[in-house]
Amino acid sequence: MDYVPQPPDTIFPLLLCADMKYGIYDPIQWPQVYIPEYRFLCALRRSTDGSDPRYPCSIWWTPGMDTGFRLIEGSVFKTLGLLSPQSLSPLERAVADLAEEISQRIQNTGPNHGLDHFREKMQLGFLEVQRAWLMASAILDYPAFVESENASFPDVRREFMGAFTTDPAGIPVWHIRPNVSIEDVTIKAEPLDETSPPLYLGFAGRQHLDIVCTQRVPLVDACVPQFAHIPSQFNRSRNASQSSSRTHEATPRSSASRAKIPSTKVSRSHPYIEPHRSTTRGRDKFLEVDHKWMPPPIPAWKEAMESTDRSGPAKPPEQLWGYWVPEPALLVGPIAEERVERYIMNWLRLKPAWLYLLRTSDSAAPRVAPQWWRDYLNGPKRTHGDVTTRTGQQRYEAIKKVFSGALDMKDFYEGEGAVSWFSHRLDHLDVSLCPLILWELFELGFRYELRALDRTLVYVDPTQPVQQFVRERLLAGVFHDYDLHAVREIPQGPVGLAAVVPQARVRCLEALRRVVIRWPLCPEIICRVPRIATNMSVDEIETLERALASFYVHTFYTYAGRAPLVPHAFPSSR
């Protein structure tokens, strides 16, 4: 062999390093102590030169600023960017090939929980893909590898990681000898965050491998409801209260007094119990906004919104949930068209950084008050050329409070240049895209709110990452693109819960049904149905759709104290 590794033999703190791995305690980088539950780790492949087509170099590739990284045009943070599709295509091909191999292996040999787990995990993102790919490959390679190692004089297999053990039992082993080094192998070990507590403290073995092999890279959960505690810098009378983030009672506050928007109209199709005046707070957010750019409502969800019983007093403002994204109605609320354009363009410039913020540790994004959105989207106030007013400085400080710790405010710049939105480059607002922009906002709001409500109502053991993973996959199934955090691309037509044909909505409706059956007080009509299937009649599907929409909206209002952002039909102008 070209190197002799030293086994970890002391108590150590398990920390996420700057390269998003775990140093020498990471099985994809260094041999580990043999543990029967993780016996396949010895069959992990070491980094190769790519000569074996089944193990491309892209699996071990670490991206950098000079390898396909492109900045997002128009983003308010000038250093925010993405890896280009060209740089990711080799990895995508490797994932597709391995997924096909896994499917064939499962078909030939029967279900394999380990393979199923890693096949799904490969869909979670770049940092998870490499680890999941290597783990799944090791599971595939392990049986044949053990068989070859049982030969009388097996050849040395330099491409495999091996394991430390005193009982070879047919696996590749490292014999523990005095400190010997043939070749230096450098493993990065600089902590990503020196202030963070270790994920584990102890000896190498089962417990540390449980974390390294099953835990996702600990980015963040911004979907736990919290109280708003970032008051608007433009209205000192609006002070948000702060409380525990784990309470079932609430999250960010909503503005207690909202001026009625004169340029928008609301309509309802049938009367219901008159809502208590404290539940409207200006515009009634349970009713559709009549605006030419608003995507049309989905009948079942419109009916659910209008039928919500709000005859009782509303929760106090400090107990209301805030918004993970701005309300679509807020963007089209102003009378002046110039201001509407400013709102929408400012949102498009903020969106990449905002969605990034929602996935970072201890994010302040879900704790901002609704007034913050109005202040931000209205843009900076400037007088006398480039001289910033006191109000503008206060606005900057309010923005800084939200983004501090996640992005460097030195890179923050609110320009007026072009902005990218999916495949479009906008120098100014294209009114033909506005219905799609608002549709995307409804989609984003529904995704984050559904996840937040589910986190409130369904307990998942935080020490069981597999349980968390399974629950998130279930939630992701509610959406046509299986993504809880973003709309990856604008579809070409109605899809998912917005599909025109009822049978085309069945998959997403069934996923939503499987989510809510674990919620308290789930109606019998939802629980007693084995599954929503395409062979049901249109009436049966639509009856269950109305029941699901009604239960979701009513439950959200009970806990959040405000109207939810619900799915809308796909704009017909597409």
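In which crossing, left-handed or right-handed, does α12 pass α14? I looked, and α12 passes α14 in a left-handed crossing. I call a crossing left-handed if the near helix is turned anticlockwise from the far one by less than a right angle, and right-handed if clockwise.

**Ground rules.** I am reading a predicted model, where local features need pLDDT of at least 70, side-chain atom pairs count only at pLDDT 80 or more, and totals for chains, interfaces and linings use all residues. I number residues from 1 along each chain as its sequence is written, and side-chain values use heavy atoms, with hydrogens and water left out. I take helices (H or I, at least four residues) and strands (E, at least two) as DSSP runs, numbered from the N terminus.

**Entry: α12 and α14.** I looked up helix α12 (residues 506-516) against helix α14 (residues 538-560), and they pack at an angle of about 45°, with axes 11 Å apart. That makes α12 oblique to α14. My axes are lines fitted to C-alpha atoms, for helices over the stretch in contact, with angles from 0 to 180 degrees between N-to-C directions. Angles under 35 degrees are roughly parallel, over 145 roughly antiparallel, 65 to 115 roughly perpendicular, and the rest oblique. From α12, V506, L509, L512, R513 and V516 meet I541, E545, L548 and F551 of α14. Contact means heavy atoms within 4.5 Å.

**Entry: α7 and its partners.** I turned to helix α7 (residues 337-357) and helix α10 (residues 434-457), whose axes come within 12 Å and cross at roughly 35°. This crossing is left-handed too. On the α7 side I noted W347 and L348, among others, and on the α10 side L441 and L444, among others.

Next I checked α7 with helix α8 (residues 370-377): the axes come within 9 Å and cross at roughly 110°. The two are therefore roughly perpendicular. The contact includes W347 and W354 of α7 and W372 and W373 of α8.

**Entry: cavities.** How many cavities of 30 Å³ or more are there? I count seven. On a 1 Å grid over the protein atoms alone, a cavity is a set of points where a 1.4 Å probe fits but cannot get out; lining residues have an atom within 4 Å of a point. A volume is the space filled by probe spheres set on the points, which are joined across faces, edges and corners. The largest cavity has a volume of about 220 Å³. Of its 20 lining residues, K285, L287, E288, M305 and F442 are the closest to its centre. I found that α5 gives the most to this lining, with three residues.

Conventions:
1 Å grid on protein atoms, 1.4 Å probe; cavity = no way out; pocket = protein on both sides within 12 Å on 5 of 7 lines; lining within 4 Å.
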